[in-house]
Amino acid sequence: MSREGCHLCEVAEADVERICGELGVPWERADVDSDPEWRADYGDQVPVILVDGAEHGYWRVEEDRLRAALR
């Protein structure tokens, strides 16, 4: 979950893109502000990383933890 104009989101997206690229795992960006429910659930925590639809972490990418979850 990301938000336009969010510097932390840009950093997290670059990290996720690099990690997923190295592991060959597809990923997608979702704008938290495009859905009222997402905004209510995640709006104060962006960026939020979801793995298989479940919240994995927020604000910063913990690389080792994300890699373990994606394996």
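Me: How many disulfides does a search of the whole structure find?
Reply: This is a predicted model. A disulfide needs a pair of cysteine sulfur atoms within 2.5 Å. For Cys20, the nearest cysteine sulfur is that of Cys9, 16 Å away, and Cys20 is in no disulfide. Across the whole structure, the number of disulfides found is zero.

Me: Is Cys20 buried or exposed?
Reply: The cut-off for buried is under 20% relative accessible area. Cys20 has 4% relative accessibility, so Cys20 counts as buried.

Me: In what order do the elements of the protein chain run from the N terminus?
Reply: The protein chain has three helices and two strands. Helix 1 covers 7-23. Helix 2 spans 36-42, and strand 1 spans 48-51. Strand 2 takes residues 54-58, helix 3 is 63-70, and the order is α-α-β-β-α.

Me: What radius of gyration does the protein chain have, against that of a compact globule?
Reply: The C-alpha atoms fill a box of roughly 30 × 20 × 20 Å along the principal axes. A compact globule with 71 residues would have a radius of gyration near 11 Å. The protein chain agrees with that, at 11 Å.

Me: What percentage of the accessible surface belongs to carbon and sulfur atoms?
Reply: Of the 71 residues, 32% count as buried. The accessible surface of the protein chain comes to about 4,700 Å². The part belonging to carbon and sulfur atoms is 47%.

Me: How far apart are the centres of the positive and negative side chains?
Reply: The protein chain has 8 positive side chains and 18 negative ones. The centres of these two sets lie apart by 4 Å.

Me: Which residues does Cys6 contact, leaving aside neighbours within four places in sequence?
Reply: Cys6 lies in the segment before helix 1. Its relative accessible area is 15%, so Cys6 is buried. Beyond its sequence neighbours, Cys6 is in contact with Val46 and Pro47.

Me: What is omega at the peptide bond that joins Val46 and Pro47?
Reply: Pro47 sits in the loop between helix 2 and strand 1. Most peptide bonds are trans. The bond joining Val46 and Pro47 is cis, with omega about -5°.

Me: Which residues does His56 touch, not counting those up to four places away in sequence?
Reply: His56 lies in strand 2. With a relative accessible area of 15%, His56 is buried. His56 touches Ile49, Leu50, Val51, Arg65, Leu66 and Ala69.

Me: What is phi of Asp52?
Reply: Asp52 is in the loop between strand 1 and strand 2. At 80% relative accessibility, Asp52 counts as exposed. Most residues other than glycine have a negative phi. Asp52 has a positive phi, near 55°.

Me: Trp59 also has a positive phi; what is its value?
Reply: Trp59 lies in the loop between strand 2 and helix 3. Its relative accessible area is 43%, so Trp59 is partly exposed. Trp59 is not a glycine, yet its phi is about 70°.

Notes: Residues numbered from 1 in each chain as written. Heavy atoms only, no water. Buried < 20%, exposed > 50% of the residue type's maximum accessible area, 1.4 Å probe, protein only. Helix = DSSP H or I, 4+ residues; strand = E, 2+ residues; numbered from the N terminus. Rg over C-alpha atoms; globule rule 2.2 N^0.38 Å. Areas by Shrake-Rupley, 256 points an atom, 1.4 Å probe, with all protein chains shown as cover. Lys, Arg positive; Asp, Glu negative; His and termini not counted. Charge placed at Lys NZ, Arg CZ, Asp CG, Glu CD. Contact = heavy atoms within 4.5 Å.
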